[in-house]
Amino acid sequence: PTVLVTGISGFVGSHVTWKLLQSGFSVRGTVRSDAKAEQVRTALSGIVNTEKLSIIAVPDMSVDSAFDLAVEKIDFVVHTASPFFYSGVTNASADLVDPALNGVLSLLRSCAKSSVKRVVITSSIGALRCVTPTLPEGLSEVDWNLASINTFRELGPETPAPVAYHASKTLAEKAAWDFVQSTNPTFDLVVINPPIIFGPIIHPCASPSQLNTSVKMVADFYLHNTKEIDPLAAAGCIDVRDVARAHVLALTTPRASGQRILISSGPFTQEMLVKVLEKHFPGRPYPSGFTIAVPIPEVTTKAALILGITEYISLENMIVDTVWNLKNSFNI
Ligand code: NDP
């Protein structure tokens, strides 16, 4: 079978592609430019046989019918492409929310005209809960981050980037479920909701300053670009290799049909991250500070029951692997 992976140039998209190729699938990846296509091919050919990989440019995924060519003769789709950055956001609607929302709708409309059997979407824990945890009783797939949508409706383009990013994920995921419910297409939908993702990068990246948002957090603590622990930053965490595994299982597991599935290795705070750095990479100037917010427990029963995922790479291991990967990649 052939899988279309959107956002193949990204941290998650490249790992999903790697895992799919390793598992024997043919992969067609989307990028925004031909130059990116070459960089991705070069990066992946260093670690996996890319004979079954083709790459297609979709310059603007928001445009209607943008994916019509890309989905031709495709069996499954994994949709990872979505803007995830906070710095440089000048208009929360145009930079974050519109591309996420229009991108998913454009993709699903193209899939509905094709032979695609299943679409797996990378959503986020951000579609389930607010930036600062407020649900002491625990978090599961029944929760929706309505607060971020409300703030975005109120503030529009002025919405602070982290809230707008969460709104973009919530609105895009909601739109996908609504699309499936209202049009009853020939494909079915599975949604994966990961918390913050760490782990080694395999996608093209020229320097630590250009890293994707989540891995950059680790690099910034390691390089002392971040001078303070955010006392309110509390979430779950997961290794990108577990995320890739979950996406492949979501494609191949029949009973995953119609499910949104939270995957998480366990709690995460910046204080916990710094403790791991101090233990394994001592002698560097890490910030001290405490976390006030308590990470809420995440209920990953569905991931175990439906996808059979019962073990995850630990926070300690994923951070150590991330730093070694950064040291080797950028000589830092
Ligand atoms: P990256 O920034 O590394 O990758 C994002 C990918 O999406 C890139 O391929 C990028 O293409 C593409 N993309 C971004 N904006 C657009 C756009 N407007 N039009 C078309 N393509 C676009 O981030 P991640 O790999 O971390 O994120 C992948 C997915 O995982 C996203 O959906 C994100 O919301 C989700 N996620 C990530 C988490 C994390 O901690 N990393 C946590 C939970 C969910 P290009 O290379 O051209 O910029």
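**Figure 1. His224 in the loop between α6 and β8.** In this predicted model, His224 sits in the loop that runs between helix α6 and strand β8, the latter covering residues 234-239. The phi angle of His224 is near 65°, which is a positive value in a residue other than glycine. Most residues other than glycine have a negative phi. His224 has 11 C-beta neighbours inside 10 Å, and because a residue with 12 or fewer such neighbours is classed as exposed, His224 counts as exposed.

**Figure 2. Asn331 in the segment after α10.** Asn331 is placed in the segment that follows helix α10, and its phi is near 55°, again a positive value in a residue that is not glycine. Is Asn331 buried or exposed? With 6 other C-beta atoms within 10 Å, Asn331 is exposed.

**Figure 3. The packing of helices α6 and α10.** Helix α6, made of residues 213-222, packs with helix α10, made of residues 315-330, at an angle of about 75°, and the axes of the two helices are 10 Å apart. Angles of 65 to 115 degrees count as roughly perpendicular, and α6 and α10 are therefore roughly perpendicular to each other. On the α6 side, the contact is made by Val215, Val218, Ala219 and Tyr222, while α10 contributes Ile319, Thr322, Val323 and Leu326. Sorted by class, this contact of α6 with α10 has 7 nonpolar residues and 1 polar residue, with no charged residues.

**Figure 4. The shell around the ligand.** The ligand is surrounded by 24 residues, and the closest of these are Gly7, Gly10, Ser82, Asn212 and Ser214. The elements that give two or more residues to this shell are helix α1 (11-22), helix α3 (92-112) and strand β7 (196-198). Which of the elements supplies the largest share of the shell around the ligand? The largest share comes from α1, which gives 3 residues. By class, the shell around the ligand is made up of 10 nonpolar, 11 polar and 3 charged residues.

**Figure 5. Val78 in strand β4.** Val78 has its place in strand β4, which spans residues 76-79. Leaving aside residues up to four places away in sequence, Val78 touches Val3, Val5, Val16, Val120, His247 and Leu251. The C-alpha atoms of Val78 and Val240 are separated by 15 Å, although these two residues are 162 residues apart along the chain.

**Figure 6. Pro185 in the loop between α5 and β6.** Pro185 is found in the loop that connects helix α5 (161-183) with strand β6 (188-193). With 17 other C-beta atoms within 10 Å, Pro185 is partly exposed. When residues up to four places away in sequence are not counted, Pro185 touches Cys111, Ala112 and Val180. The C-alpha atoms of Pro185 and Ser114 are separated by 9.9 Å, while along the chain these residues are 71 residues apart.

**Figure 7. The chain as a setting for the close-up views.** The chain has 10 helices and 10 strands. Its radius of gyration is 19 Å, close to the 20 Å that the globule rule gives for 332 residues, so the chain is as compact as a globular protein of that length. Buried residues make up 47% of the 332 residues in the chain. Among contacts between residues at least 6 apart in sequence, 79% join residues that are at least 24 apart.

Technical notes
Residues numbered from 1 in each chain as written. Predicted model: local features only at pLDDT ≥ 70, side-chain atom pairs only at ≥ 80, totals over all residues. Near = placed C-beta within 6 Å. Helix = DSSP H or I, 4+ residues; strand = E, 2+ residues; numbered from the N terminus. Nonpolar A, V, L, I, M, F, W, Y, C, P; charged D, E, K, R; others polar. Axes fitted to C-alpha atoms, helices over the stretch in contact; angles between N-to-C directions. Parallel < 35°, antiparallel > 145°, perpendicular 65-115°, else oblique. Contact = placed C-beta atoms within 7 Å. Rg over C-alpha atoms; globule rule 2.2 N^0.38 Å. Buried ≥ 20, exposed ≤ 12 C-beta atoms within 10 Å, placed from the backbone.
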